[in-house]
Each structure stands twice: as C-alpha cells, then as structure tokens.
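User: I'm new to reading protein models. Could you walk me through this one?

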Amino acid sequence: MSWHRGTLVGFDLETTGTDVESDRIVTAALVRLDPDGTVAEQRTWLLDPGVVIPEQASAIHGIGTDHARKHGARAASAVEEIARAIAEVLCSDVPLVVMNARYDLSLLDRECRRYGLPSVEERAGGAPSPVIDPLVIDKHVDKYRKGKRALQALCDHYGVTLDGAHDASADAVAAVRVVRRMGERHRPVATLRPDELHALQIRAAAEQSASLQAYLRRTTDPAAVVESAWPVIPRTR
C-alpha cells in the first residue's frame with residue numbers, strides 16, 4: 001500500500017518568530033490521521049516561551065504574552081514532551097508530515113539544546129526520518145507553477161479545506177490532507193517507499209535552495225546564502 005493511503009502523523013508549531021536559532025515555541029500539535037482521513041489522535045501544547053511574544057507573531061497565531069504566561073506550560077517540560085512524542089512517531093516508522101520541516105524541526109532541535117534536553121535525533125537514534133514535507137514535494141513535482149506555496153495556497157491548489165489557519169492543529173491536519181492529495185495526483189511520488197521519498201526530498205530541498213541562492217545572487221544580493229540542509233539545519237554553535 002502506498003504511503004499516502006496509510007496512517008500519517010502531522011506536526012506543526014506556532015512560534016515567536018522565524019529565526020530557528022533564537023525564537024521559541026508557543027503552541028504545538030501532533031495529529032494522527034487514519035487511512036480514511038479521520039483524526040484518530042491529537043496532542044496539543046501551549047507553552048509559556050519565557051520571552052515576550054512579538055505583536056507580529058501574536059497577530060498571526062492569536063496567542064499573546066499574557067495568555068501564554070497565564071495558561072502555558074513551563075517551556076522545558078513541554079519541549080521534553082514534544083521531542084519525546086516526535087521521536088516515538090519516527091521510531092514507529094509512521095511518516096511524519098511537516099509543512100516546511102526545515103523550520104519546525106530545526107526550531108524544535110534548538111529548543112532541546114536550550115533546555116539541555118536530548119534532541120529528536122538522539123532519541124530516535126538517527127536523523128529524523130521518514131519526514132514528508134508538502135512544501136518540498138510541491139516544488140519538486142510542480143517546479144514552474146507560479147504563485148505562493150504557503151500552506152493556504154497549497155490547500156487551495158490541491159482542494160483541501162483549511163479551517164483556522166495558523167492554529168497548530170488545523171495546520172497539521174491540513175498538511176497531511178495536502179500530501180495525500182499529492183500522492184493521488186503524482187504517481188512517481190506515490191510509488192516510492194517512505195524512506196525513498198525522504199531521500200528524494202533531501203536532494204530536492206538542496207536543489208531548490210541552490211536555485212534560489214543563484215537567483216538571489218543574480219538579482220538582488222551577490223552574497224546571498226540559502227540553507228540547503230533538510231529536514232533539520234545542522235547546529236553551528
């Protein structure tokens with residue numbers, strides 16, 4: 001049975017910003033979808049990130065500093081639970097679906113380091129795999145399509161309803177439903193085993209980064225550097 005017809009687990013974070021090295025997790029969701037598309041299991045977390053949540057971030061996900069401080073779990077404890085739950089999924093060989101995995105999984109990795117916790121890689125005994133990233137796959141199978149490729153845009157393109165965008169649970173569910181549609185539409189992707197698809201995305205993500213870097217150097221910034229590692233950016237400090 002092809003991976004897109006089996007059980008999949010979606011993962012999503014909402015955060016204080018876009019820098020994986022310095023920003024913090026505000027909410028997280030891990031959602032298991034059965035082969036028929038129903039939500040079989042769902043875990044969510046609200047964290048007190050220990051820093052002020054910028055207004056720009058609050059405007060996106062709706063969580064302000066006061067709310068997080070009053071209702072959120074202690075960050076270190078929640079990060080431990082999230083990392084352990086992700087490692088358990090990966091060790092079960094169920095594919096983990098993460099929209100723009102390079103961001104979410106790298107930020108989780110840095111949060112583990114911040115609190116002196118074992119990383120997902122350390123818990124799982126190797127680099128996180130198999131991961132399925134709708135952003136990387138969409139750019140690979142439909143390279144020249146114009147327009148945005150954010151989750152809402154992918155939902156529109158693949159005919160998936162996204163209710164409550166930027167709610168971690170809603171985004172995680174939508175990401176899984178998008179990759180299922182991708183599997184239905186793109187047979188060369190659907191026929192790969194999850195480990196083969198994971199390896200394909202490593203290559204595709206690197207190629208996409210190299211293409212963007214070349215474009216930026218040619219048009220706006222001669223010194224532009226675009227990260228090529230996927231699904232986790234290696235630690236540099």
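Here we go through the sheet, a helix, the cores and a few single residues.

User: What should I know before I start?

Analyst: This is a predicted model, so local features need pLDDT of at least 70 and side-chain atom pairs count only at pLDDT 80 or more, while totals for chains, interfaces and linings use all residues. Residues are numbered from 1 along each chain as its sequence is written, and side-chain values use heavy atoms, with hydrogens and water left out.

User: How do I read a sheet, and in what order do the strands sit here?

Analyst: Start with the terms: helices (H or I, at least four residues) and strands (E, at least two) are DSSP runs, numbered from the N terminus. Two strands pair if DSSP finds at least two bridges between them. In this model six strands make an open sheet, ordered β4-β3-β2-β1-β5-β6, with mixed pairing. At the edges are β4 (73-74) and β6 (131-132); each has a single partner strand, so one side of each is left without a neighbour in the sheet.

User: Which strands run parallel, and which antiparallel?

Analyst: β1 (residues 8-15) runs parallel to β5 (residues 96-97), and two bridges join them.

User: Is β2 mostly covered or mostly open?

Analyst: Check burial first: buried means under 20% relative accessible area, exposed over 50%, and partly exposed in between (1.4 Å probe, protein chains only). β2 is mostly covered, as eight of its nine residues are buried.

User: What lies across the strands?

Analyst: Helix α4 (residues 101-114) does: it lies across β1, β2 (25-33), β5 and β6, and runs at about 70 degrees to β1. Axes are lines fitted to C-alpha atoms, for helices over the stretch in contact, and angles run from 0 to 180 degrees between N-to-C directions.

User: How do I find a nonpolar core, and which residues have the most contacts inside the largest one?

Analyst: A nonpolar core is a set of buried Ala, Val, Leu, Ile, Met, Phe, Trp, Tyr and Cys residues joined through side-chain atoms within 4.5 Å. Here the largest one has 35 residues, and Phe11, Leu30, Ile86, Leu96 and Leu108 have the most contacts inside it. At least two residues each come from β1, β2, β3, α3 (75-91), α4 and α10 (194-219). α3 gives the most, with nine residues. There's also a second, separate core of 29 residues, and Leu8, Val160, Ala170 and Val176 are among them.

User: What does Leu108 touch?

Analyst: Contact means heavy atoms within 4.5 Å. Leaving aside neighbours within four places in sequence, Leu108 is in contact with Phe11, Leu13, Ile25, Val79, Ile82, Ala83, Ile86 and Val120.

User: How many residues of α3 are buried?

Analyst: Twelve of its 17 residues are, so α3 is largely enclosed by the rest of the structure. Glu80 is one of the buried residues, which also include Val79, Ile82 and Ile86. After α3 comes Asp93, whose phi is positive, near 70 degrees.

User: Now single residues. Are Arg145 and Lys143 buried or exposed?

Analyst: Arg145 counts as buried, at 19% relative accessibility, whereas Lys143 counts as exposed at 54%. Arg145 is in the loop between α6 (134-141) and α7 (151-158), and Lys143 is in the loop between α6 and α7 as well.

User: Which side chains make polar contacts with Arg145?

Analyst: A polar contact is a pair of N or O atoms within 3.5 Å; within protein, one must be able to donate a hydrogen and the other to accept it, and residues adjacent in sequence count only if both atoms are side-chain atoms. The Arg145 side chain makes one with the side chain of Asp138, at 2.7 Å, and one with the side chain of Asp142, at 2.8 Å.
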